Amino acid sequence: MAEEPPIISIDHLTVRYAEQEQPALDSISLTIPAHSWTAIIGHNGSGKSTLIKAMDGLVTADGGQMTVAGLAVTEQNIWQIRQRLGVVFQNPENQFVGATVADDVAFGLENARVPRPEMLTRVDNALAQVGMTDFADREPAHLSGGQKQRVAIAGILALAPAIIALDEATSMLDPQGRASVLQTMRDLKAKENLTILSVTHDLEEAAAADHVIVIDNGRLVASGTPPEIFAEGPALIDMGLSVPFTEQLKSDLAAGGITGLPADYLNEEEMADQLWKLYSTM
Amino acid sequence: MNKLMIGRYLPGHSVVHQMDPRGKMVLTFYFICIVFMANNIWSYLVLGLFTLGAVLLTRLKLIYFWRGIQPAIILILFTLLIQVFFTRGGQIYWQWGPFALSSAGVVNAWFIFFRLVIIICMSTLLTLTTSPLDISSALSSLMTPLKWIRVPVDIIALMLSIALRFVPTLMDETVRIMNAQRARGVDFGSGSLLQQIKAIVPILIPLFVSAMHHAEDLDDAMTARGYRTDAPRTTYRIIQWHRRDTLSIIAFAALTVVIFFVRA
């Protein structure tokens, strides 16, 4: 697949927000190979979400060039690009436009002026692909966050894009929701030959990706396969992926002289249990 | 709160539930006009039976209709009293200054009572059997002719549907904000009226800010999915007119004819 041209190429992209002195993205250049899973990692406010928004024309570039799915990102092309690049955003609530699941999946198709008979089959197919067929008539208030994100994915799939960008799409979900959304994406990538761009804080997800891009302070810090990135040491990882909250808490407690917590990784519930135990022996 | 039946929707599968919401809305409005044509006991009897028939067709428990009438009862009684004491005519049973109890007054009061009950029953029937989503689709469909005078009907329809879709979201948020403010010591539902009004401010401001955040995100999500206000769109959700809707129009036409014959 090396001979295939990259599906996304970005050349010296700079984005500046009006109210900020420092540019959100500072002369970033990168390419994304077609049919790959690329994880983009970075601190909050590092500019990784801005990168996705710039590709989709949701923020305007102040300099540099971008090509997405064979089209230069320009005002003329942007509506075509939006059909080839689908974005799943962070908050499940704020991207559910339709009154019911089926209506929401149809939203993008309505915008693309797909005739109704074709729309019906495409909505059904998309819902089947994310396993939400039984929920077609449900209203969003009766869905979990993970289900809403799967509906958002279906809404994008219905438009048959080449690239799907996940902009921290799993960060507001519970562990089950997160797992189900990621599994759905992995299955779809294999089946539809998609290119996946995933902005994430999840270390495990980044480790499973084909490529990892680390962004810090609006600059590209590193880019490579997960082993290459992880080999560069914890400094780089810390730069991109914040240490999990429980680990942070553990080291802060240790710094304050409270020791005795197990050394393994604990999730929040286990952490709470351990803290109770520790507290009762104090 | 739960007992308030105004605007409540109860899902069901009756003929009335399945009717075209456009037809239902227009016919309900038409029915209210017809009610004002009734002027004797026979015409009210016909209207009453028609309403009863419609109510029974919904297969909902009658208690729900009673709950629809309940909040209006004081209004109805007040109107009754005014009618009874200020209408003169026929035999006068009792008189004191401007007040009089006359046979015409009593008859009139009964008619007004029936009129209000019938109207409330019919409008409760509309909201009980039509989901807010259907009502908004029906409204936008009925507004279609306004396109000729350049009213942005599609945009209004989408706004309406998004507003409805976010009602539960913002309700949840209100509860969360209230709990957060309670945890900070705000006391809701006690104290003087002024204090209670003041307690609403710490709910409204965060709610407003959060609504703006929703709007910003939603804007991005809609644009990313290709929504543009300056281009035509196709529609997924359509309302279908069935034979039962034509039949209901015939029923209302028949009702009109009967009322014309029996009214005085």
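Let's start where the two chains meet: 29 residues of chain A are in contact with 24 residues of chain B. Keep in mind that this is a predicted model.

Which elements of chain A give two or more residues to the side that touches chain B? They are helix H2 (78-84), helix H3 (101-111) and helix H4 (116-129) of chain A. H3(A) supplies the largest share of that side, with seven residues. What kinds of residues does chain A bring to this side? They split into 15 nonpolar, seven polar and seven charged.

**Two helices that pack together**

H3(A) and H4(A), both among the helices that touch chain B, also pack against each other. Two packed helices are described by the angle between their axes and the distance between the axes. For H3(A) and H4(A), the angle is about 120° and the axes are 10 Å apart. That angle makes H3(A) oblique to H4(A), and the crossing of the pair is right-handed.

Who does the touching here? From H3(A) come A:Ala102, A:Val105, A:Ala106 and A:Leu109. From H4(A) come A:Met119, A:Arg122, A:Val123, A:Ala126 and A:Leu127. Sort the residues of this contact by type and you get eight nonpolar, no polar and one charged.

**A sheet in chain A**

Chain A also has an open sheet of four strands, in the order S2-S1-S4-S5, with antiparallel pairing. Strands of a sheet pair through backbone hydrogen bonds, either parallel or antiparallel. Which strands sit at the edges of this sheet? Strand S2 (25-32) and strand S5 (71-72) of chain A do, and each of them pairs on one side only.

Look next at strand S1 (residues 8-15) of chain A: S1(A) and S2(A) pair in the antiparallel sense over five bridges. To find one spot on S2(A), look for A:Leu25, the bridge partner of A:Val15.

**How each chain is divided**

Now step back to whole chains. Chain A is assigned domain 1 (8-240) and domain 2 (245-281). In chain B, domain 1 is made of two stretches, 15-132 + 241-262, while domain 2 covers 153-224.

Conventions. Residues are numbered from 1 along each chain as its sequence is written. Chains are lettered from A and ligands numbered from 1 in the order in which they are written. This is a predicted model: local features need pLDDT of at least 70, side-chain atom pairs count only at pLDDT 80 or more; totals for chains, interfaces and linings use all residues. Domain bounds come from an automatic or database domain assignment. Two residues are in contact if their C-beta atoms, placed from the backbone, lie within 7 Å. Ala, Val, Leu, Ile, Met, Phe, Trp, Tyr, Cys and Pro count as nonpolar, Asp, Glu, Lys and Arg as charged, and the others, Gly among them, as polar. Axes are lines fitted to C-alpha atoms, for helices over the stretch in contact, and angles run from 0 to 180 degrees between N-to-C directions. Angles under 35 degrees count as roughly parallel, over 145 as roughly antiparallel, 65 to 115 as roughly perpendicular and the rest as oblique. A crossing is left-handed if the near helix is turned anticlockwise from the far one by less than a right angle, and right-handed if clockwise. Two strands pair if DSSP finds at least two bridges between them.
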